[in-house]
Amino acid sequence: MIRISTPLKGEITESLKAGDSILLSGIIYTARDAAHGRLISLLDEGKELPINLKDEIIYYVGPTPEKPGQVIGSAGPTTSYRMDGYAPTLLDLGLKGMIGKGVRSEEVIESIKRNKAIYFGAIGGAGALISKSIIRSEVVAYNDLGAEAIRKLEVKDMPLVVIIDAKGNNLYQIGQNEYLNCNVKNCDA
């Protein structure tokens with residue numbers, strides 16, 4: 001396990017490799033489809049964003065309401081490709097990391113490489129477990145969106161895997177290639 005903290009500076013992103021297991025601590029932000037749409041609309045109108053994206057991480061999550069005594073409810077990742085139309089613009093503004101699940105488009109991968117950013121994977125279906133690593137949660141924009149509001153989270157030892165590293169190496173492709181090569185060679189695993 002590699003322990004990293006935010007803000008996510010270039011020297012950190014460039015040191016990580018696809019497949020690395022990470023424990024992340026620090027401040028991250030949440031945003032899903034509706035919030036991303038609003039951020040891009042603000043940019044299109046020449047207005048300032050409600051958060052500074054430089055060296056930050058956005059977690060694609062819409063957490064459930066917290067129960068009494070909890071900081072946040074279940075907080076599992078949402079499917080990332082729904083943010084692919086927005087991600088390159090935000091990465092070009094300084095966003096350094098994204099957390100979600102699933103594949104990303106070639107345009108996003110090229111933007112990750114260009115901006116020396118990282119795409120982290122969180123375990124789908126493990127929202128209750130992931131929420132235990134969230135020690136503070138505060139809505140900072142778009143409260144009217146409910147679960148899709150932008151939240152500022154403080155996390156401690158959030159378990160993640162580097163899916164796409166700053167060089168564009170993609171764990172999904174690497175794993176598939178290793179599997180296919182092993183089947184061709186009749187490997188014992």
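The side chain of Ser111 forms a polar contact, at 3.3 Å, with the side chain of Arg114; a polar contact is a pair of N or O atoms within 3.5 Å, where within protein one must be able to donate a hydrogen and the other to accept it, and residues adjacent in sequence count only if both atoms are side-chain atoms. The model is predicted: local features need pLDDT of at least 70 and side-chain atom pairs pLDDT 80 or more, while totals for chains, interfaces and linings use all residues. Residues are numbered from 1 along each chain as its sequence is written, and side-chain values use heavy atoms, without hydrogens and water.

Ser111 lies in helix α4, residues 106-115 (helices are DSSP runs of H or I of at least four residues, strands runs of E of at least two, numbered from the N terminus). Ser111 counts as buried because its relative accessibility is 0% (buried means under 20% relative accessible area, exposed over 50%, partly exposed in between, with a 1.4 Å probe and protein chains only). Beyond its neighbours within four places in sequence, Ser111 is in contact (heavy atoms within 4.5 Å) with Pro88, Leu91 and Asp92.

The largest nonpolar core comprises 27 residues, and Met98, Ile112 and Ile150 have the most contacts inside it. Such a core is a set of buried Ala, Val, Leu, Ile, Met, Phe, Trp, Tyr and Cys residues joined through side-chain atoms within 4.5 Å. Two or more residues of this core come from each of α2 (33-44), α3 (87-92), α4 and β7 (150-164), with α2 giving the largest share, 4 residues. Apart from this core lies another, of 23 residues, including Leu8 and Met158.
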